[in-house]
Amino acid sequence: MVKFTADELRRIMDHKHNIRNMSVIAHVDHGKSTLTDSLVAAAGIIAQEVAGDVRMTDTRADEAERGITIKSTGISLYYEMSDESLKSYKGERQGNEYLINLIDSPGHVDFSSEVTAALRITDGALVVVDCVEGVCVQTETVLRQALGERIRPVLTVNKMDRCFLELQVDGEEAYQTFQRVIENANVIMATYEDPLLGDVQVYPEKGTVAFSAGLHGWAFTLTNFAKMYASKFGVDEAKMMERLWGENFFDPATKKWTSKNTGTPTCKRGFVQFCYEPIKQIINTCMNDQNDKLWPMLQKLGVTMKSEEKDLMGKALMKRVMQTWLPASNALLEMMIFHLPSPATAQKYRVENLYEGPLDDAYANAIRNCDPEGPLMLYVSKMIPASDKGRFFAFGRVFSGKVSTGLKVRIMGPNYVPGEKKDLYVKSVQRTVIWMGKRQETVEDVPCGNTVAMVGLDQYITKNATLTNEKEVDAHPIRAMKFSVSPVVRVAVQCKVASDLPKLVEGLKRLAKSDPMVVCSIEESGEHIVAGAGELHLEICLKDLQEDFMGGAEIIKSDPVVSFRETVLERSSRTVMSKSPNKHNRLYMEARPLEEGLAEAIDDGRIGPRDDPKARSKILSEEFGWDKELAKKIWCFGPETTGPNMVVDMCKGVQYLNEIKDSVVAGFHWASKEGPLAEENMRGICFEVCDVVLHADAIHRGGGQVIPTARRVVYASQLTAKPRLLEPVYLVEIQAPEQALGGIYSVLNQKRGHVFEEMQRPGTPLYNIKAYLPVVESFGFSSTLRAATSGQAFPQCVFDHWDMMSSDPLEAGSQAATLVAEIRKRKGGTNMLCMKEKFILLV
Amino acid sequence: MDLEHNFEIARVAEFILSHGFTRVALQFPDELLRDSMRVVKALRRELNSSVKLYVMADTTYGSCCVDEVGAAHVNAECVIHYGHTCLSPTSTIPALFIFGKASISTSDCARSLLKYGLECGKPVLVLFGLEYAHAIPEIKSALLSDASCLSGSVSTSEHLFADASCSFISPSGTFGPANQPGSIDRRVENECLDEENSQNYKIGGLSWRLPQGRTMEDYSLFWIGLDNPAFSNVVLTFNSCEIVRYDAKEDRLIIDLSQQKKILRRRYYLVEKAKDANMIGVLVGTLGAAGYLHMIHQMTELITKAGKKSYTFVMGKPNPAKLANFPELDVFIHVSCAQTALLDSKEFLAPVITPFEAMLALDRGSQWTGAYQMDFGDLISSTPSVANKQSEEARFSFIQGGYVEDLDLHDNDEVEKDEILALVNVTEKALQVRDEDTRSLTKTVAKSGAEYFASRSYHGLDINGTDPVPAKFLTGRSGKASGYKDENTHR
């Protein structure tokens, strides 16, 4: 641990070339937090006054209990490089002192929003991969996210100790495993080639891959060994590093390097010969208590142990020896400092991703140059609950300028549109705070390139925001974060005692703030809804809600509820017509399903209301086979003007049509938000206005006549087009040994899931199974699976797509019909079966 | 049907004669209209020819209120109101209410009541629809005799009956917060003055006093009558009490009232929704109930204070087609008597809320606590509590799931600062270049009717029409709107 005063820390913060902001990302259980702990133990900055018994990683009790990280936590590290090791560093630097702001993020997929929030404020990522389990689904997800944010990755192959102690594999086999892990990671990275970011793949021989054992606190990069051997072989370090990886073999008998295994028993791969074997030897000697052999070996390696440590035995001794010989902090921190960009470097290419406004204005330039004298540009990525209940720190990163205590800032919320006043506040920062371990220290100001927490803004920021100086009225906000998960699982919450309602309302408000992903809303029926990414996520949220945000007041939660979508299977069986209340106007309409992939294209924003009509009609005609003219006649998208349904005008030569367009659009928005089946959103339906008969007097074809009529005709055309429900489906990835497969399959079958990929991980007894599982069936899936496989299978579920339910909701007694009846009952609506008659007027 | 008995001809005649009225309006709801001529004839027989009788039907607003405007057309001196009523105080004309007499089996009712009283173990407060008011004394006596049969357990159950108020209402003159009409007892007042010996309650023409030290929560409510607005009113107002309903027609006790409780939650949602509204319509739903004008003013003031735009509408009974003519409005406030105020049909494009709910939604200091009021008479007095404790915090919207700002608060400040430039600013805004293409497909949040109109794709007839040649004459459709002549071929 490094003891610092706030002033000392603040001083380093000015050296923008000597800062590294980085996050630790990985699949769940690959050892992020353990590895982080060993870094913090060595280099964590704590306040001078409280040095002694501060436990840096002391976080939430439930995190410890479950053994998983839930919230991302940020910690600053300090590292001083030796002149010698900086010799080969080419980049700019100011002295040898480095400040590393490290954010440990959760690995469970339910909390990947925390990862997203962490990535936004960092420039580099340490990707941790379990050497046995290899690259898993969440590794891939977070890596993809990181590269999308232009975060440069370095890799560490973790849990090396398993190779030596648990699996006892020999050198060549281990090498193959590591090689495969690195290759898999590189495959993902290669698909995200980005010319500005350059080559993001990792290479052990270039020092961008480390090998670590987080649990035992040791790690190395090939640099460490190259340094050791370079002088011995009389070659320079870089050359030596290349020899230590890949197809380079050394035969001690002939003292010759070859590019192929010569076949002699003494000929071994460079990596095995010089890295793996020595470690293995040391570990074995320690574990077998062959102390007499150990001390001379250590002496040769230049490792000196303290005398009291010499009394240790077995594992404890091994740990101690390895930590002294190859301390994890040195290897990893040096790798980060060498290969991850400083804010000054990173912001040059990140500005394009970050800034929404023109890339040549003052703000873009300030971000690009990481200019401490420029205008303030700060992105608040998350809100952290403060110790005094109910308040929050706004936590974020300064991209340019300086934020200081008392500064008046413009807060641009996620819905802010430049030039308007929506979602815009001007308030002053009460205090700027930096974290020193668990303790917050107030500082005068924080310059660009650093992370900062601010007090006094929490009443204006829901989840994230862009801050700038008060007078910078023409600044555009920093782009909002895009999350890889969506809140698909919902529960209704209610307080046990009716008079606690104000507490619940207040609690929900705070909950919404504390988590980037959770959504607190209210249903038509008046129930408060909390929506999260998964079952675990919701469980944690509700626990927080009750214990932290409501002061323990009791709440009742409903069973998890899933939202559905309504769609159609085919074109309406006939043109349907609806008359206006005054019977003077008629609308004729047909519904048909949108072409495959079109709804997704609308979701992704490739096609939307703001497109240039020409560009849109090009995509529609080329990719989806639309008629070019027709593509120009799209009236609107819905619900919420951007949803995956549309109204198209197919009328020919109808008078006054332009006049009622707005009314039809309003009726459609209304209808597409609450479909006729279960009052759920519609999805993937195209409504074609076939003909319109209108009264000649404008007064008789006003909104009052047309809006309700349009809604009815939309309903009717959907109901005649074989309406179907869409249910959300998870992509489940499960990793388990062979003997657990039977259990996995039976649980999946029982839960209407189906496996579409089963693959053995090369070199391991583990199987990787990918399956689709309806979200409705996923409640309790984890625990059932664990029970069925005696705890050997652990699933990761991510929302993947909407799947059509094959049964007909209009057919009494079918599965879909039962479901619809249930939803309608919950929403307090009327019974379904009378609906069809109600809406359909036949022509 | 026993006309004489049901319509209380003798009592009405006596009332008219004793007050010396010469022009009398008789107000009938639609369902009793067919009896109106017989009633008039019967009354004629009792009265001399100097008294002029007018039949009023098809009221503009709810038929439960006295149609004072209709009565004023014939310069009537008093109104005789028949049928279901909300007993809202009138503002100009005295009125006599004839509740009608629905049939009820008093002994069955008394038995259910007794049984319920024993089961619930709490004192029972008996409330009833006014059409059953005539039977209450009988039920009371039947109850007593039944109870004496079961003498052992009588002491454990206790019944309190509400009284139907006097069926004659005379206008209370000027109505305002300072001048409370005597007929409106203040619940709030009672809560403040705990020392008072008893508490008076009044709802929809019923009144009762609770003995000292008792609160409404101590009682179970027993409602005799139909599941009508009057009952909803009781359920919503006393939502923390246990309530059962005795259906006289089917002689059945209905205990499960979850549907009614759902209404309350639904109202809560509507309040949340109203908080997000930018433009609010005030629907005038009565021209009779005393204090309605005051209420309308209070509402528009409240809306303006909350930084939103208000529009006032007079449109008779609101229906979805009428309200959908104003798609720019996000919510409507329905100012009307307690029993017609609740309008919740999903057919409405924008929700319709009551003045009480509007107060909850628009006054930043207030909170939904579960207490509910229907009668706006009760609200007027509570207005001054609009303490302008402008909370600094931005408002959290559950509909949108985030913080939203009520914009106009700031706009107002600005306009005040440079009043001179106000006009310039407005015209400047009007002359903004708008993108023709995007406008039609995106929905911007409009803050006033004019802005909404500007965002529409159709702005009325285009003076600079593109085609200078006049259109050709065409033969139009013929036939009836419900099925034009040319439509037969369609079919």
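## A salt bridge between the chains

Let's start at the atoms: B:Glu347 and A:Arg711 form a salt bridge through their side chains, at 3.5 Å from N to O. The rule (a side-chain nitrogen of Lys or Arg within 4 Å of a carboxyl oxygen of Asp or Glu) finds two salt bridges across the interface of chain B and chain A.

This is a predicted model, where local features need pLDDT of at least 70, side-chain atom pairs count only at pLDDT 80 or more, and totals for chains, interfaces and linings use all residues. Residues are numbered from 1 along each chain as written, chains are lettered from A in the order written, and side-chain values use heavy atoms, without hydrogens and water.

## The interface as a whole

Contact (heavy atoms within 4.5 Å) links 46 residues of chain B with 62 residues of chain A. The buried area, meaning accessible area (1.4 Å probe) lost on putting the two parts together, summed over both, is about 4900 Å², with carbon and sulfur atoms giving 53%.

## The chain B side

Several elements of chain B each bring at least two residues to the side that touches chain A, among them α10 (258-275), α15 (408-417) and β19 (402-404). Helices here are DSSP runs of H or I with at least four residues, and strands are E runs of at least two. The largest share, six residues, belongs to α10(B).
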